[in-house]
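Please read this note with the structure open beside it.

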Amino acid sequence: MAGQFPEGFIWGTATAAHQVEGGNTASDFWPLEMAANSIFAEPSGDACDHYHLYDSDIGLLKRLGFGAYRFSIEWARIQPEEKFFSGAALDHYRRVLGSCLTHGIVPIVTFHHFTSPLWFTRDGGWADAACVDRFARYCERSAKALGDLIGYACTINEANLPMMVTRYTELARRGPYRMSKRVAEVAAALGADPARFAPFLFSDANRTTPNFIAAHKKAAAAIKSTGCKAPVGITLATQDLHAAPGGEALTQKLDHDINGRFFEAVRGDDFLGVQTYSRTRIGEHGLLPVPPGAEVTQMGYEFFPEGLEATIRSAAKQSGCPILVTENGIGTEDDTRRIAYTERALQGVLRCLADGIDVRGYIHWSMLDNYEWREGYRPKFGLIAVDRATQLRTPKPSAFWLGAVAKRNALAPDA
Ligand code: BGC
């Protein structure tokens, strides 16, 4: 068959708890979203009510043809206070995992996807070295309760994203990192010390990155110590960085800070999750705008599906790990562009496989149109549309298209 993938190749879609579940009130993002003059376009609110609708959502994935589902368990629900682990929340996630297995879907579980419990962030968050033990403790408790049902485990989602944001902000402002004034104001209003308030995405990565790496390693060991047999890895925001003439030295430096040091840190892991959406062009002094005339997605990125091939190649080479594409997708209202994007990205995956690179699977972001963080609900990354008034799900043509690719394990039927 044309464009055949290897036997056992994993085909899935992804979500993250805060973006789809709704009502994540014990998290650090909740007050940031609800603040007057928030940096978020709108609050997450009820999101897609996936907390209650998970079973029909997972059943729909199966009917569409997918074999895997990547989702995150929410630390703020499982440990809403430092002294309290919620058995009810863990039971909920056992039911979600059970639903995956009943439907014949491999569950790929992320333990941290951007949000943390508010108590944790108030008390130093990711900037305090205590985060390493705190995160490992949460992972151990969760893996003890859930580990026998997990197919693949991802510790931290995009552990290098804060470094990307920090470096890009430093370049734009031509100075060292400073916390956003509005985040600091929310911290103060919560009675926290803004200097110690360190949410994952808004932290100074010069301080937090060593903690992310240490937390990943300790958490991976903690998950395995429970007897959980799932392969354990981390996922990274692997931007495809391109040097424009004159930008070679800066590109090399950024590529090392944002990608290279993480690739080195995860050597020996069971797998590495690659998450690529576009490319970034870099000139002598900083980031360059999207080239004139290029197609732009709803996120303002260049439409550049070939980025995935480039990042798989460099991630595999530098980390030595088997690669799982844990996210790839596009924010667009035009679903025909989602299909075009994904097809070209998958052609790149096929070229990597043909060159002998160990790519285990492709997980599309996202299953549902969901809460796109600071952008609110405007960008549409979903294969499945969601009417947020009725919570009705409507698969888009791209969902049927990618589901069919998954079913035949090949890009195109025989010509
Ligand atoms: C994140 C997702 C996000 C997606 C699209 C990734 O950086 O892991 O949470 O929705 O990109 O922007």
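The points below concern a predicted model and take up the ligand, its pocket and the cavities in turn.

1. The surroundings of the ligand. In this predicted model, 13 residues surround the ligand. The closest of these are Gln19, His113, Glu158, Glu327 and Glu372. Sorted by class, the shell around the ligand consists of 6 nonpolar, 4 polar and 3 charged residues.

2. An N or O atom in the side chain of Trp373 is 2.9 Å from an oxygen atom of the ligand. For Asn157, a polar side-chain atom lies 3.0 Å from a ligand oxygen atom. In the side chain of Trp365, an N or O atom is 3.2 Å from an oxygen atom of the ligand. On its own, the ligand has 310 Å² of accessible area, and the protein covers 93% of this.

3. The ligand takes up space in the largest pocket. This pocket contains about 1400 Å³ of space. It is lined by 47 residues, and the closest to its centre are Leu161, Met164, Val165, Met299 and Tyr301.

4. The make-up of the pocket lining. Helix H8 (161–173), strand E7 (271–276) and strand E8 (279–282) are the elements that give two or more residues to the lining of the largest pocket. H8 gives the most, with 7 residues. By class, this lining divides into 22 nonpolar, 14 polar and 11 charged residues.

5. The largest cavity. How many cavities of 30 Å³ or more are there? The count comes to 2. The largest cavity has a volume of about 60 Å³. Its lining has 14 residues, of which Glu21, His50, Phe71, Tyr93 and Val96 are the closest to its centre. Helix H1 (17–20), helix H3 (50–64), strand E2 (68–72) and helix H5 (87–102) are the elements that give two or more residues to this lining. The classes represented in the lining of the largest cavity are 9 nonpolar, 4 polar and 1 charged.

6. The second largest cavity. This cavity holds about 40 Å³ of space. Which residues line the second largest cavity? They are Ala17, Ser72, Ile73, Glu74, Trp75, Phe111, His112, His113, Thr115 and Tyr138. By class, the lining of the second largest cavity has 5 nonpolar, 4 polar and 1 charged residues. The reader may wish to locate His113 in particular: it is among the closest residues to the ligand, and it also lines the second largest cavity.

Notes
Residues are numbered from 1 along each chain as its sequence is written. This is a predicted model: local features need pLDDT of at least 70, side-chain atom pairs count only at pLDDT 80 or more; totals for chains, interfaces and linings use all residues. Side-chain values use heavy atoms; hydrogens and water are left out. A residue is near a molecule or strand if one of its heavy atoms lies within 4 Å of it. A polar contact is a pair of N or O atoms within 3.5 Å; within protein, one must be able to donate a hydrogen and the other to accept it, and residues adjacent in sequence count only if both atoms are side-chain atoms. Accessible areas come from the Shrake-Rupley method with a 1.4 Å probe; for residues, only the protein chains shown count as cover. On a 1 Å grid over the protein atoms alone, a cavity is a set of points where a 1.4 Å probe fits but cannot get out, and a pocket is an open set with protein on both sides within 12 Å along at least five of seven lines; lining residues have an atom within 4 Å of a point. A molecule sits in a cavity or pocket if more than half of its atoms lie within 2 Å of its grid points. Ala, Val, Leu, Ile, Met, Phe, Trp, Tyr, Cys and Pro count as nonpolar, Asp, Glu, Lys and Arg as charged, and the others, Gly among them, as polar. Grid points are joined across faces, edges and corners, and a volume is the space filled by probe spheres set on the points. Helices (H or I, at least four residues) and strands (E, at least two) are DSSP runs, numbered from the N terminus.
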